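Biologist: I am new to this structure. Please show me how to read its features.

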Amino acid sequence: MADPATTPVDALIPAMTLLAAGGASALASKALKLSPIVGYLAVGILIGPHVFGLIDESPTTHLLAELGVVFLLFDIGLHVSLRELRESGRDLMGLAPAHLILTSFPFTLALMLFGLDWPIALALGISFGLSSTAVVSRVMVERGLGSCPLGRSTTHVLIFQDIVAIFLLIFANSLGDDISGMALALNLAQAAGVAILAFIVAFAAGHFLMGPILRGLAQTRNHEAFTAVTLLLVLGAASATAYLGLSLTLGAFLAGLAVSGTAFRHQVQMETGPFRGLLLSFFFMSVGLSVDLGVLLDRWPIVLAVTAAILGVKTLTGFAAARLNKWSNPGSIQLSFLLAQGSEFTLVVLSILVMATDAVPPAVDTIAVASIALSLALAPFWAAAGMRLSRKVANMFKGQTRPVNETTPIGPNRPVIIFGMTPAGRLAADALADHSIPHVCLDAEPDRFVSAIADGYKVSFGNAANLRLVEAVAGRNPRAVVIGAPRYEVSRDLTPASQVEFPNTPRFVSVDNEADRQRFSGLGMRAWISMGEPVGIEMAADILRQLGVEEQKVADWMSREADRFDVNEPADLSEKAETEAA
């Protein structure tokens, strides 16, 4: 007879408990306008063995927690591509290292004075210098900072920190019982060598292997197969690096890195998004399970003091790092306040060190987890305070020359999204490229997608019906949406949700007849009948006008395009488009 403790039901109970608690926590966090991370930590404490005792730490909870970190690292890898690394070189070589060094040093020194061995203190100190990618990204989206220089530089700093975090996890995993100099150096050298080799393999795999595999999957039009292979990629890569003596998380990061350079990056991100969010919530709740509420209540003044130290020290040192890189005073203030909170990676490093060594006392673990959680909860309010302070400082120095790192959001840098690389969609992309207007092209039709890639267009694989995909590629406020492959039923069903998610965003569509023009116009879209040559030129001209391009430049562009197609009267095309717009 099977042991009752090992029945399937017993194995499922922890997962079901975490699912129920996670759902309740997400709803409560949204109602209270708190970071979901804070909610998950709090509910983990409540359901854990030190409060209500609904669940204990077990192999099931540990596995679910580790998978959460695996999918987080995979998502981070998806955001790191060679192109982005090249474009962000200035920040990656200057601002980001200076910020991490200056913010990490005070914490490392304090931990060493507290009595921790230097390897433990260094690992924890660097982790305290990191900022929360999840929280900062959400704050930037909510405040519309993604397209301005402040938002771009902040993103570059976060990318640098995420890469450092990978090596930090390798470092933390190498800290076993023996942390003597020689043994530690050998472990680190071996791990670093394997990691560097793995990075090279990941970039090569992305270029020569992942692109063809994902393209072949897309052509099968089998959504389930695409999802299955994506999950296999994450778990297989994580298992491979673990088998080599490295961490599961490194393999997941490298898998994301391999996909990041392909045109399927955004689609893969959408496929893994629900798994990442769910499993990551399990990780934060599992951290909460280890927190002793009694110790927390007894030492709440210390928790408040540590939280104040995290926010205060990181704000001051972050400001110094920005000023060293010749940022203005207002910009330095905004950046330092935005990046002042703790990081989810600190919780990961803490959990690794607690399991791998006995060097971190339980009281330190509890205080650190609570302080980081509180700093995450305060992050949006702290960032808002930084915004207000920066404006006051800017008003005090109105006459000063402002440096390159301007901090005012620039609307025109928001991208235009083009769905469907039909002739009309391609012409819209050409028009935007000719006028240096940022744009993102997406297509879910495999043959059309492959053809556009072959013809030199930068296209990502994705479906227009997925509003989460739109948010992933253009934030919450795209400059405009262009439908090159119109489907009235899809547009009709998506219009209510799109008007809520993207209010005041103009939508353009190219159609073949008057009946379709009227139907799409009824949805609030700017619909054009493709009558001239090249196909879609009327819509493309209207897009340029709506985006503020001067009329003469529009007319000149139409003339050039018409000449390419041997149209003898380009002026009539411009005049016809103006008449239809009127």
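Biologist: How much accessible surface does the protein have, and what share belongs to carbon and sulfur atoms?

Modeller: Accessible areas come from the Shrake-Rupley method with a 1.4 Å probe; for residues, only the protein chains shown count as cover. Here the surface is about 26,100 Å². Carbon and sulfur atoms hold 63% of that. A caution on sources: this is a predicted model, where local features need pLDDT of at least 70, side-chain atom pairs count only at pLDDT 80 or more, and totals for chains, interfaces and linings use all residues. Residues are numbered from 1 along each chain as its sequence is written, and side-chain values use heavy atoms, with hydrogens and water left out.

Biologist: What percentage of the residues count as buried?

Modeller: Buried means under 20% relative accessible area, exposed over 50%, and partly exposed in between (1.4 Å probe, protein chains only). Of the 582 residues, 52% are buried.

Biologist: How many helices and strands are there?

Modeller: Both are DSSP runs, numbered from the N terminus: helices are H or I with at least four residues, strands are E with at least two. This protein has 25 helices and 6 strands.

Biologist: Which sense does the pairing of β5 and β6 take?

Modeller: Two strands pair if DSSP finds at least two bridges between them. β5 (residues 507–511) and β6 (residues 526–529) pair in the parallel sense, over 4 bridges. Phe508 faces Arg526 of β6.

Biologist: How do I check the span of helix α3?

Modeller: The expected span is 1.5 Å times one less than the number of residues. Helix α3 (residues 59–78) has 20 residues and reaches 29 Å from first C-alpha to last, close to the expected 28 Å. α3 is mostly covered, with 14 of its 20 residues buried.

Biologist: What do contacts tell me about Leu41?

Modeller: Contact means heavy atoms within 4.5 Å. Across the protein, among contacts between residues at least 6 apart in sequence, 76% join residues at least 24 apart. Leu41 sits in helix α2 (residues 36–47). Leu41 is buried, at 3% relative accessible area. Beyond four places in sequence, Leu41 touches Phe284, Val287, Gly288, Leu347, Val369 and Ala373.

Biologist: Which residues does Thr230 contact?

Modeller: Thr230 belongs to helix α10 (residues 223–243). Its relative accessible area is 3%, so Thr230 counts as buried. Setting aside neighbours within four places, Thr230 contacts Val268 and Thr272.

Biologist: How many aromatic pairs are there?

Modeller: Rings of Phe, Tyr and Trp (its six-membered ring) pair if their centres lie within 6.5 Å; planes under 30 degrees apart are stacked, over 60 edge-to-face, the rest tilted. The count is 5. One of them, Phe107 with Phe128, is stacked: 5.4 Å centre to centre, 20 degrees between planes. Phe107 lies in helix α5 (residues 89–113) and Phe128 in helix α6 (residues 118–129), 21 residues apart. Phe107 is buried at 11% relative accessibility, and Phe128 is buried at 9%.

Biologist: Why is the pair of Phe226 and Phe264 called tilted?

Modeller: The planes stand at 45 degrees, with ring centres 6.4 Å apart, so the pair is tilted. Phe226 is in α10 and Phe264 in the loop between α11 (248–260) and α12 (265–289), so the pair ties together parts 38 residues apart in sequence. Phe226 is buried at 4%, and Phe264 is buried at 1%. Phe226, Phe264 and Phe449 make one aromatic cluster.
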